[in-house]
Amino acid sequence: MHSAAIDPPGIGWQRVSPKYVTVRLVEWAVGNLLFVAVLSLPLVFVLLGGWLWPPLWLAVTVPAAMFVLALWRLVLIPRQVRAIGYAERNDDLLIRRGIFFQRTMVVPYGRMQYVDVAVGPVERALGLCTLKLHTASPGTNALLPGLPAAEGARLREQLTARGEARLAGL
Amino acid sequence: MKHGWQVCERVSVDVNRERPAVDAGWHRVHPASPFVRGWVALAAVVVFFGRDIFERALQGRELLEEGLNGRILWLLAGGAALLLVTVAGFVLSWYFTRYQLSEGYVRVNTGFLFKQQRQARLDRVQAIDIVQPLLARIFGLAELKFEVADAGESAVRLAYLPIGQAKQLRATILGRAAGVVADGGETAPVPEAPEQVVLSVPHGRLVGSLLLSEQSFFVVLGAIASVVFSVLTESGAVILYLIPAILGLGAAYWKSFNKGFNFTAAISPDGIRLRYGLLDTQAQTVPPGRIQALKITQPPLWRILGWYRIQVNVAGYGGAPGNENAARTTLLPVGGLGEVMQTLALVLPDPGTPEPHRVFTAALNGLDSDAGFTTTPRRARLIAPLGWRRNAFLSTGTALLLRSGRWWRQVVLVPHQRTQSMALTQGPVARRFGVADLVLHTTAGPVVPRLIQADVGEAVALFDQQAARAREARKRQTSEQWLAELSRAGSLPVRLQPPAPLQAPADPTPTTPQEEPRHG
């Protein structure tokens, strides 16, 4: 498991399912490839002779740059997925993510207002789900994607039970 | 799946259910309230349809011409009908709006076609406001707003009640929410909690603070720019374009003045009570422990006179931007060091440090590690050339202090038991310099606590310690009923001491009734 300097010491991180890479790949394809395709349209028109502007070099450079950027994102995906981790402690849940921009978050069980489990079409096909924790703060953006469905359900029940046991007001 | 904190439930009412006409606990708002609220609509109808007749009367002509043409008649009839429908709507909405206070809930029923019954738990109250717009004030009426942690609209709005009744209702709600009053049906009225004015803002200082505000800085800048521009282009027409801007600025200043006028803060067993307003007056009550986070700021120009502003996050007020909300979340619009200390003593009766005055002065004006603050490490001075000596944190026994801003000085205070969740973040540049940011999540509002560019080791340690401190603080705080808790702890709420100013040297932890019991 990737462990960085900002993680509290002595935490045994649990990682999310490697199948989540597929979900991210589909998202990547839908987002980036469509974007590059749309950006390539001027190139097509210029090559077909319909357009006089933009010049050829610009029509080639913009989609090419975007394509390189998209490829870079593609290369990062497996590492990003490996960087997602969570750890259940006695009183709180730790969630970490990110390689370049790292974030480690702690959500006390007693502060959780409710827990969401969401499943998208690709996730459903792979038997995964996304868990989201809500506290009274809109800043708590505690998203835990790519959990196996059974683990998601277990975690949801576990978190809810622990939340009730330690429930504090605001 | 949603557990806890279900503060506000909408229940559809079974219309056929048998219910006594007006059972004992149900009350209505003042009959005049729809007219006070909807006077604009009434006035519009009258003006629109009555203008013709009014103009004739002014010109000394006959009110109704010979051979009365049909148009006028239709117009008048239409106007009268619209007026009648509007008034009937007002009367109906008044008749069907009723509220009740019992069994730990406040309930409000509204609507006659689409009924809505709303109930909110009294002990979930985050704040109670009594608002008096100018017209309501003329009629001696007031609106009561009951806020729960929804951050959206007010849970319960009762508009309008006679001012005496509104105050009485506020006292009853707070009394029951605090747990000092037996929760019966209609028992004897609860006396208003005694209050003691702690500080007020003189008019001169309010005007001065507006003149020296950030806004004024840009006004002067804009004025200079426009003068230069008009000289360069040798045209006076620029002044004409500035007229709307001047009007807008005037309105903005007027709003701030109107809202900030006569600001007083008082302390009572019910909590902190703020009053302000010139034409529209407002009285807010924030019970103890409802303040989630606090921010003290000092714009550069205010430093000349040593002024500060204090803003807070209260769960019920939410984070919606806007002038009204900006006023509601302001705990102290402008004040000197002494007033800041007094206000801090209200919010944090137990500062959790033996020398609060030194600590908070260092937080407000200090640099480097005086009074025990931990700053950004020296190696990160390249990414924070000005701020690295100022960015700092300090954790007292009861709250976390975050200091930042060399020119726009800022201090954020988060009580330990109010921490919701936390995140440690680090980007590539920060990693290069071995620093990290710690973000504390709190309810929506003007305060966004963030410790910037702390040493990684220290940030991680603080992250861990803070989680533990928040846990400990939460365990200590058990009940939402703040005065009942105190009664159990042995100190009676009838005794009201003025909050000891923070600089009291003899008593490091000033004991006020608001203080939470340390050992149950």
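Q: Which domains does the domain assignment give for chain A?
A: The bounds come from an automatic or database domain assignment, and they belong to a predicted model, where local features need pLDDT of at least 70, side-chain atom pairs count only at pLDDT 80 or more, and totals for chains, interfaces and linings use all residues. Numbering of residues starts from 1 along each chain as its sequence is written, while chains get letters from A and ligands get numbers from 1, in the order in which they are written. On that basis, chain A has domain 1 (20–80) and domain 2 (85–165).

Q: Which element gives the most to the side of domain 1 of chain A that touches domain 2 of chain A?
A: The centres of these two domains, taken over C-alpha atoms, are 33 Å apart, yet 7 residues of domain 1 of chain A are in contact (C-beta atoms, placed from the backbone, within 7 Å) with 7 residues of domain 2 of chain A. On the domain 1 side, α1 (20–48) and α2 (56–83) of chain A are the elements giving two or more residues; helices here are DSSP runs of H or I with at least four residues, strands are runs of E with at least two, and both are numbered from the N terminus. With 4 residues, the one that gives the most is α1(A).

Q: Which residue in β20(B) does Arg103(A) stand opposite?
A: Strand β4(A) runs antiparallel to β20 (residues 421–426) of chain B, and 5 bridges join them. Strands count as paired if DSSP finds at least two bridges between them. In β20(B), opposite Arg103(A), you'll find Thr425(B).

Q: Which are the edge strands of the open sheet of 7 strands in chain B?
A: Follow the strand order β15-β14-β13-β19-β18-β17-β16 (chain B), with antiparallel pairing. An edge strand here pairs on one side only. That picks out β15 (330–335) and β16 (374–375) of chain B.

Q: What is the bridge partner of Ser404(B) in β19(B)?
A: Inside that sheet, β18 (residues 399–404) and β19 (residues 409–415) of chain B pair in the antiparallel sense over 6 bridges. For Ser404(B), the partner in β19(B) is Gln410(B).

Q: Is α7(B) roughly parallel or antiparallel to α8(B)?
A: Their axes are lines fitted to C-alpha atoms over the stretch in contact, and angles run from 0 to 180 degrees between N-to-C directions. The two helices pack at about 170°, with axes 11 Å apart. Under 35 degrees counts as roughly parallel, 65 to 115 as roughly perpendicular, over 145 as roughly antiparallel and the rest as oblique. So α7(B) and α8(B) are roughly antiparallel.

Q: How many residues of the contact of α7(B) with α8(B) are charged?
A: Among the residues that meet here are Val219(B) and Phe229(B) in α7(B), and Leu242(B) and Leu249(B) in α8(B). The contact has 7 nonpolar and 3 polar residues, and the number of charged ones is none.

Note on methods
Two residues are in contact if their C-beta atoms, placed from the backbone, lie within 7 Å. Ala, Val, Leu, Ile, Met, Phe, Trp, Tyr, Cys and Pro count as nonpolar, Asp, Glu, Lys and Arg as charged, and the others, Gly among them, as polar.
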